[in-house]
Amino acid sequence: MSESQVIIPSRSDDLVRQVGRELIEQGLQRGRSLFTPERSVWNPDTAGELHRRYNEQPDLGGDPFLVKLRRQLAAASDDAIQLAAELLTLQGLPLTNLTTATLRTRVTTVLSWMRQPVTVPDHVLAAFTQGTWNGGTGAHTMLWKWLVDAVEFVCGWWSLPQDQREQAFTDPWAWQQAVYQYKLMPSLREELLYLGFPSYFLPILNMAHKKAIRDAFADPSTMATGDLNRDLFATTVRIQGQLGQPVDFYQQPFVAQWRKQAERPPGERRAWLVRPRQGGHDLVARWRSESFVSLAASHLGEVSPGASRAEVRAAVEAGYQHLDYAQRVSLANEYHAFLSQMDSDDIVVTLVDDQLHVGVLDGDPEYSPTDGGARLRRPTGWLTVAPIAVDALPAPLPAELDQQGTVVDLTGALAVLAALVEVDTEALEAPSTPDRVQPTVRVVLKLPAATDALATRLYINRPWLQDLLELWQERSQIVLYGPPGTGKTYLARALAAHVAERDAVRLVQFHPSYAYEDFFEGFRPIEGADGGPVSFVKTPGPLREIAAEARNNPEKPYVLIVDEINRANLAKVFGELYFLLEYREATIRLQYSPSEAFNLPPNVYIIGTMNTADRSIALVDAAIRRRFAFIELHPDDPPVRDVLVNWLTANGKDSDERAALLAALNESIGEEDHDFKIGPSYLMKPNLDSEAALDRVWRYDLMPLLEEHYYGRLTRTQIRNRFGLAAIRARATPADGGNSSSNPNEASPSE
């Protein structure tokens, strides 16, 4: 391929590229200023002065960046101040997540500290309105470190041989060699490459993305050079030639192809806890002062960033044979997370004496061979604010921090941690120290109160319903239990519809073969393609699915209805989830996902139903009894006792005999069979006005229940004589004939 072919820039950033190249040529080729070209600013003496006043005298206070920078440059020359302003211009020039007003204010504020201030040229201000890429949170939280590295680079630049410097301005690969020989933050390093030669380098900061793009679009007929940027140049020029237009790998159809190669979709942010296993306080102090986070990795070979779990596991097996199996598995998981799952702009935290330090990752993993206690590292911008006591943190972060391990995924608490980072970022340009703002503690949702409409629809008085909702609010899990026909499932569904939207309600019915794998997650068989071998796939159950949805919508209540909850082996179904029913703020490791911490979101509400005719409540697992509030629905007690009468009245059937028949039936059953008394649901049907319809309910619904219950205790004849419709009607009808709508002397066909 001819080197005369070049990349056609794909971003609408012509002003950024123009000003960026001008700044580099003026400053690094001529030693002059971007703002005042006749003035020598980017020279060794000025760079050395800025290094002494800024790099060598760090301000570790909690003030915003500009406040501290002004203190550091208080006695500096105008040239040193102007150099700092032009370096900050370079930093913010390509950022789309830095507003034009903020960048302009930042640069003009620094220039105002000069004894004879200069102004920013109009064409530079115009370039501030474009932008090339989103620098992530690290572009804000690590601004102080970016400036440290930029000053180091300018100082080092003038120590290079003159011929090397001159060649770097005409040869992009010589420019790359000159830039790469310094240990710079990736955001600075890749920015220098792109602004220096935008026709040879892609506008991409993330090295993992670059590698994924190279791997996805590599030409199999061409041997790789071993130089990532050269390979990307060749690939881009080839595709560009095939299409006849510029190529932006972050647009379709390209992004969908290389994303498959990546460990996770670009832009999907995570949060991590890294514990300082060796070194404690001293190591964390190094992390903060030198802007990195690390693992010891003393016996780990140099595994490439982005390596698969199998590759990392093999390296751990080779280097850590002196440890037992469990320790090697744990190490493999931790090193794989550090090398291949973490990414730039992820949030990282660490703990020292129950004090939380927060930072933002800003670069790929790298090895420091001579540092045995911190050999594997990632560049990190630690927030300059004071650490926060764990007890002061909002849920669910304290529980997430209880997880075991050196490297722990804290993405479940990402919202809380992101709020902490945003507070620090917003304070970056503030003229004075802001008050420390704590993120708002997420309050458990308030369930809607019972309404008259709900009470009317259920034929239950509103105070009783309100008391039930308040209990559900307090306990999160309740069970409605009682004899058959008491409306348990109907009430559960009505309450679920009252407190949650239709798509936020799930219903599952337990049965004797129901297990943890059905309820939460387990491996399910799937048929292979074209009749191939059956394979097993880990599949979420209803509780896991609703928990995932609830976690993504914390302001919305979700309801899981468990019908016939007592018909399954509850200890087998719930497994380790028993713990989360009682401790919603905590996390646990899962049976089928041991590397993942799971918590049950507070906006998931569970309501179970239990038929006491099937199994006595006394036999229910004590652990379940403690974690659920049990509410009895019994025909002898309010509100069930009054439901049928209320229903009849509401339907204009005040003189109907059904309420009296039900009362007489339950009286015949007696207290010795308290849990088997019949509920009103069987008789709450609008078509039971005729004798034939009522007789059918008695024969086909009620009598089979009674015969099954009294099997072995009463004969069939005894059951019919005692509980048949005629016998119950006789018991319910007063001696004078009463107001029965049917002829009490007429024999029932069931007798």
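Which residue is the bridge partner of Trp-272 in β3? The bridge partner is Val-348.

## Basis

This is a predicted model, in which local features need pLDDT of at least 70, side-chain atom pairs count only at pLDDT 80 or more, and totals for chains, interfaces and linings use all residues. Residues are numbered from 1 along each chain as its sequence is written, and side-chain values use heavy atoms, with hydrogens and water left out.

β3 pairs with strand β1 (residues 271-274) in the parallel sense over three bridges (pairing requires at least two DSSP bridges). With strand β4 (residues 355-361), β3 pairs in the antiparallel sense over six bridges, and Val-349 stands opposite Val-358. β3 and β4 form a hairpin with two residues between them. Asp-353 in the turn has a positive phi of about 55 degrees.

## Thr-235

Thr-235 lies in helix α13, residues 228-243 (helices are DSSP runs of H or I, at least four residues). Thr-235 counts as buried, at 6% relative accessibility. Leaving aside residues up to four places away in sequence, Thr-235 touches Phe-217 and Ala-218 (contact means heavy atoms within 4.5 Å).

How values were computed:
Buried means under 20% relative accessible area, exposed over 50%, partly exposed in between (1.4 Å probe, protein chains only).
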